[in-house]
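Hi there,

Here is the structure I promised to pass on. Have a look at it first, and my notes on its charged side chains follow below.

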Amino acid sequence: MANPSTSTSTEEPGSAAQRDRRKRILDATYDLAAAGGFDAVQMRAVAEQADVALGTLYRYFPSKIHLLVSALGRQFDEASARLNEREIPGDTPADRVLYVLKRMARGMQGDPKLTEALTRAFMFADSTVTNEIHVVGMAMTSIVTHAMHGGEPAEGALTDEDVAIARVIGDVWLSALVAWVTGRSTAAETAAHMETAVHLILRD
């Protein structure tokens with residue numbers, strides 16, 4: 001559970017101007033990361049590209065790690081929203097989960113510098129980034145449970161076991177992504193590892 005005292009950077013801004021400012025900051029973060037990876041995301045460069053004062057940027061995001069993990073959370077939130085717009089193919093929960101995870105992996109592997117930046121930040125995050133990590137975890141759990149049920153679960157249909165399973169799958173997927181980013185596995189090995197894990201966890 002997130003500790004609200006650790007950071008305020010994941011709180012939903014109250015005004016339209018604040019939401020627009022936060023969006024510009026995250027858009028600038030994506031652009032810089034996509035162009036140059038983790039090292040290219042410097043707080044001053046983000047502030048300049050987003051057209052905000054450096055002090056304002058730090059009020060929204062206390063550090064580069066907070067900023068990049070928040071960007072990862074937004075990326076997962078957007079993936080979750082897209083899932084709501086289409087039917088997920090597959091005859092079993094495992095088939096549907098693998099379909100979704102493979103689509104996400106292909107998208108992230110297709111933008112390697114951005115993925116490297118977001119994933120490295122997730123790896124480096126400490127206890128001060130609890131809120132942002134919680135957002136990432138909740139978005140990943142939503143994506144997996146949605147796929148398991150073949151759509152948005154009906155009221156009361158989502159069980160504690162579903163959530164626990166989704167969290168385990170999300171942890172394995174993020175671990176596999178880290179292995180790919182750090183060069184310890186190829187894209188094909190990462191996909192094979194996930195397929196094995198999902199079939200073991202979601203036995204048909």
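**Salt bridges and a positive patch**

A network of salt bridges links K23, D27, R74 and E78. Please keep in mind that this is a predicted model. In total, the structure holds six salt bridges.

D27 and K23 form a salt bridge with an N to O distance of 2.7 Å. Both residues sit in helix α1 (residues 16-36), four residues apart, which is about one turn of the helix. D27 is partly exposed, because its relative accessibility is 24%, and K23 is partly exposed too, with a relative accessible area of 45%.

Next come the other two. In the salt bridge between E78 and R74, the closest N and O atoms are 3.5 Å apart. These residues belong to helix α4 (residues 64-83) and are four residues apart, so about one helical turn separates E78 from R74. Is R74 buried or exposed? R74 counts as buried, because its relative accessibility is 17%, under the 20% cut-off. E78, at 34%, counts as partly exposed.

Another pair is R120 and E116, whose side chains meet in a salt bridge of 2.7 Å, N to O. They lie four residues apart in helix α6 (residues 112-124), so about one helical turn lies between them. R120 is partly exposed, at 24% relative accessible area.

Finally, R82, R86, R103 and R106 form a positive surface patch. Of these, R103 lies in helix α5 (residues 93-109) and is partly exposed at 39% relative accessibility.

Best wishes

Definitions and conventions
Residues are numbered from 1 along each chain as its sequence is written. This is a predicted model: local features need pLDDT of at least 70, side-chain atom pairs count only at pLDDT 80 or more; totals for chains, interfaces and linings use all residues. Side-chain values use heavy atoms; hydrogens and water are left out. Patches are made of residues with over 30% relative accessible area and no salt bridge: like charges are joined within 9 Å, nonpolar side chains (Val, Leu, Ile, Met, Phe, Trp, Tyr) within 5 Å. Accessible areas come from the Shrake-Rupley method with a 1.4 Å probe; for residues, only the protein chains shown count as cover. A salt bridge is a side-chain nitrogen of Lys or Arg within 4 Å of a carboxyl oxygen of Asp or Glu. Lys and Arg count as positive and Asp and Glu as negative; His and the chain ends are not counted. The place of a charge is taken as NZ of Lys, CZ of Arg, CG of Asp or CD of Glu. Helices (H or I, at least four residues) and strands (E, at least two) are DSSP runs, numbered from the N terminus. Buried means under 20% relative accessible area, exposed over 50%, partly exposed in between (1.4 Å probe, protein chains only).
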